[in-house]
Amino acid sequence: MSFTIPLQLFSNDQELAQYVWHVTETGAVQNLRQVIPQITEDIVAALRLCTNLTSATWVDDTLTPEPNFLPILDVLMTLPLRELTIRTQYDPGERVWAKLNTIQGIHRLSVWSLEWGPPRVLQGWADLLSSSLTHLELGRCAGVPATILISVFMKLPLLQELCLKGAPSAAIPAIIACLPNLIALDTEYLGSGNYRTPPTPLPRLQRLTVQTGSVDIDGPQKLWTWMRILLPHQQTLKSFTLNAFAVHGQITIPRPFIVNLTGRHGKSLQYFAVGVAQLTLETVSYMCSTCPQLASLECSVASPDVDSIAKAIEAGHNLRTLMLHVSWIPDGSVDLPPQFEKYLGPQAMYAELSHLASEGRAIRFTEEHARALMLQTRLRSIGIGDQSYTGRWARRECSAKVTQDVGQEENVVFLVVGDSFA
């Protein structure tokens, strides 16, 4: 359990301060100096009492992050920190980094400085973190040569989760080849390039998140090949996320990429989210039939009606969450390939809802649609268009006498709750 409490409240209560394990401080409090001239001194005094502090976050969007952070950092260096997050608009400065580069024992580290100053990629600090760091976020690597990045990551063999922004895409395979324990990668595809193929095997990723953009709906050149290179192993990937946008239209995910992904990781894949990137209903059906553990699916589709969507996901026996951005197309059938017929089951399911798809108007996904889908599947969270619904079984509220009369089974009702994004 966590609470948001002003740190100054602990300044006179040393016993209470011992129960503080995480603190978030911000440079914005310096704006109060005219009203409370000693505010920095008060914060530092209170922070010194938090002797069991293991996690700290510093957020600063002012023009003076260095003088704001230095007094706080001096105290943090005396505490048993295991997690540290630094998010600033401007670089914290050389004096701050000189002190940071002496800290040992950090397990989780996040550094995001958006503007000004050189990118900070742990040069001079990686040696001290080699025996402890398992989770790392570097939010600004643009312009850093791949050789420098690789030399840093070679010193961090214990990394399990890495978020890397701005690094040259062609060097990502060589970077993660230095990290044998890596299971989660969050990075960007910034375009194709040339870099040597790593001689060592790539790690067995369980979670991959990629952000990219394109001027056309076919996606960035070589994106799909690049992602396949990052996933050479069999049945290891559990989560795949693609945050992609196109200047003109929606990015369409090529069917060969899906076939390759499910061929390698269909038995392990549980979470698939590609945002507004487009899949055909035939591809959705293929994924549901080849990924038996798939529990969450998010993508864009084009469909004439809700019935066609229901038909496409019928093979998704383990689906719990479905989020679709739908382009409603004119009435008509969206036939699935014959090889998927064995996965479809009774074709009459939801047929009674298809009359809601009237010609020439957008279809509204209603509570009745959601209830029908949930009761016939294991889905409990559905978002289609600007409508989302969650469902759960609950006991009916009634008197004890009524409960005895109707029995236990009849006293349970399925609740569907809607929430509009509009």
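Ser-300 is found in strand β11, residues 296-303, where helices (H or I, at least four residues) and strands (E, at least two) are DSSP runs numbered from the N terminus. The model is a predicted one, in which local features need pLDDT of at least 70 and side-chain atom pairs count only at pLDDT 80 or more, whereas totals for chains, interfaces and linings use all residues. Residues are numbered from 1 along each chain as its sequence is written, and side-chain values use heavy atoms, with hydrogens and water left out.

With a relative accessible area of 0%, Ser-300 is buried, a term that denotes under 20% relative accessible area, as against over 50% for exposed and the range in between for partly exposed (1.4 Å probe, protein chains only). Residues up to four places away in sequence aside, Ser-300 touches Gln-250, Gly-275, Val-276, Ala-277, Gln-278, Leu-279 and His-325, contact being defined by heavy atoms within 4.5 Å. A polar atom of the Ser-300 side chain lies 3.0 Å from the backbone oxygen of Val-276.

In the protein chain as a whole there are 13 helices and 15 strands, and buried residues make up 48% of its 422 residues. Among contacts between residues at least 6 apart in sequence, 69% join residues at least 24 apart. The accessible surface of the chain comes to about 20800 Å², of which 54% belongs to carbon and sulfur atoms; such areas come from the Shrake-Rupley method with a 1.4 Å probe, and for residues only the protein chains shown count as cover.

In soluble globular proteins, nonpolar side chains tend to be buried together. The largest nonpolar core has 117 residues, of which Phe-153, Phe-240 and Phe-272 touch the most other members, a core being a set of buried Ala, Val, Leu, Ile, Met, Phe, Trp, Tyr and Cys residues joined through side-chain atoms within 4.5 Å. Helix α3 (residues 65-76) gives the most to this core, with six residues. Beyond residues up to four places away in sequence, Phe-240 touches a set of residues including Leu-208, Met-227, Phe-257, Leu-261 and Phe-272.

On the surface, Leu-16, Tyr-19 and Trp-21 form a nonpolar patch with about 370 Å² of accessible area together. Patches are made of residues with over 30% relative accessible area and no salt bridge, like charges being joined within 9 Å and nonpolar side chains (Val, Leu, Ile, Met, Phe, Trp, Tyr) within 5 Å. Leu-16, which is found in helix α1 (residues 14-17), counts as partly exposed because its relative accessibility is 41%.

A search of the whole structure finds ten salt bridges, each defined as a side-chain nitrogen of Lys or Arg within 4 Å of a carboxyl oxygen of Asp or Glu. Asp-74 forms one with Lys-99, the closest N and O atoms being 3.2 Å apart. This pair links distant parts of the chain, with Asp-74 in helix α3 and Lys-99 in helix α4 (residues 94-100), 25 residues apart. Asp-74 is partly exposed at a relative accessible area of 33%, and Lys-99 is likewise partly exposed, at 30%.

The side chains of Asp-91 and Arg-120 meet in a further salt bridge (2.9 Å, N to O). Asp-91 lies in the loop between β3 (83-90) and α4, and Arg-120 in the loop between β4 and α5, so the pair ties together parts that are 29 residues apart in sequence. Both Asp-91 and Arg-120 are buried. Lys-165 forms a salt bridge with Asp-186, their closest N and O atoms being 2.8 Å apart. Lys-165 is buried, with a relative accessible area of 10%, whereas Asp-186 is partly exposed, with 23%. Salt bridges that share partners also join Asp-91, Glu-94 and Arg-120 into one network.

Most residues other than glycine have a negative phi. Leu-122, although not a glycine, has a positive phi of about 70 degrees; this residue is found in the loop between β4 (108-115) and α5 (126-129) and is buried, with a relative accessible area of 2%. Gln-235, also not a glycine, has a positive phi of about 55 degrees and is found in the loop between α8 (223-230) and β9 (239-246), where Gln-235 is partly exposed at 30% relative accessible area.

Conventions. A polar contact is a pair of N or O atoms within 3.5 Å; within protein, one must be able to donate a hydrogen and the other to accept it, and residues adjacent in sequence count only if both atoms are side-chain atoms.
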